[in-house]
Amino acid sequence: MGMIVVGISELKCTADQDASIVTYALGSCIGVGAHDPVRGLGGLLHFLLPDSRKDPERAIAQPASYADTGIPLLIRSMERLGADRRRLRVRLAGGARILDDSAQLEVGKRNYMAARKLLWQMGVIVEMEAVGGSVSRNLGLTVGTGEFWVQMRTKDGTREN
């Protein structure tokens, strides 16, 4: 079984039934996992910030850095492989408040709200989510079975599934 690792500000999609897609260390970032059960396709996005307007050059160079450019790119990439957005099973993870950021910043919360809004506008329903709190998460998808998993790292450093 092949492991496809998605880094920060990346997205990857595959039709490889033997592959798993995973992203690590979702703190305030959001991981968006998508699976089309009919076509057996999977995709995963790890975005950093909600809005690309503050850095348009970076948005062009790294569209997966932002919710507003990365989420549409994920959906279009899945559709190019043959997915139908109405069938997509979508999971979100991350959006935590890891650092002691001020209430004004709340990057994790803003990331989560941006993801939910964009997916809703695109007609994509989020089935499940593991967001908020103050723990880092990993998000993975086994493409062949469509099984998603979330692993959390607690404050004392132990892992929970």
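Predicted model: local features only at pLDDT ≥ 70, side-chain atom pairs only at ≥ 80, totals over all residues.

Me: Which residues of α2 are buried, and against what do they pack?

Reply: Buried here means under 20% relative accessible area. In α2 this applies to Ala67, Gly70, Ile71, Pro72, Leu73, Leu74, Ile75, Ser77 and Met78. These buried residues pack against β2 (10–14), β4, β5 and α3. Just after α2 comes Gly82, with a positive phi of about 115 degrees.

Me: Which residues of α3 are buried, and where do they lie around the axis?

Reply: An α-helix has 3.6 residues a turn, so residues three or four places apart point the same way. In α3 the buried residues are Val107, Gly108, Asn111, Tyr112, Ala114, Ala115, Leu118 and Leu119. They cover an arc of only 165 degrees around the axis, and therefore lie on the same side of α3. The face turned away from this buried side carries the exposed residues Lys109, Lys117, Trp120 and Gln121.

Me: What covers the buried residues of α3, and which residue with a positive phi follows the helix?

Reply: The cover includes β4 (30–36), β5 (41–47), α2 (67–80), β6 (89–94) and β7 (126–131). The residue that follows α3 is Gly123, whose positive phi is near 75 degrees.

Me: How many salt bridges does the model contain, and which residue meets Glu127 in one?

Reply: Side chains of opposite charge can pair when their charged atoms come close. The cut-off applied is a nitrogen-to-oxygen distance within 4 Å, and the count comes to 10 salt bridges. One of them joins Glu127 and Arg91 at 2.6 Å, N to O. This pair links distant parts of the chain, with Glu127 in strand β7 and Arg91 in strand β6, 36 residues apart. Glu127 is partly exposed, at 44% relative accessible area, whereas Arg91 is buried, at 11%. Arg89, Arg91 and Glu127 are linked in a network of salt bridges.

Me: Which residues form salt bridges with Glu106?

Reply: Arg97 does so, the closest N and O atoms being 3.8 Å apart. Lys109 also forms a salt bridge with Glu106, with 3.9 Å between the closest N and O atoms. Arg97 is partly exposed, at 37% relative accessible area, and Lys109 counts as exposed, at 52%.

Me: Which residues make a nonpolar surface patch?

Reply: Met3, Val5 and Tyr24 make a nonpolar surface patch of about 290 Å². A residue must have over 30% relative accessible area to belong to a patch, and Val5 is partly exposed, at 39%. Not counting residues up to four places away in sequence, Met3 touches Ser20 and Val22. Met3 and Glu127 are 124 residues apart in sequence, with 24 Å between their C-alpha atoms.

Technical notes: Residues numbered from 1 in each chain as written. Heavy atoms only, no water. Patch = residues over 30% accessible without salt bridge, like charges linked within 9 Å, V, L, I, M, F, W, Y side chains within 5 Å. Areas by Shrake-Rupley, 256 points an atom, 1.4 Å probe, with all protein chains shown as cover. Salt bridge = Lys/Arg side-chain N within 4 Å of Asp/Glu carboxyl O. Buried < 20%, exposed > 50% of the residue type's maximum accessible area, 1.4 Å probe, protein only. Helix = DSSP H or I, 4+ residues; strand = E, 2+ residues; numbered from the N terminus. Arc of directions from axis to C-beta. Contact = heavy atoms within 4.5 Å.
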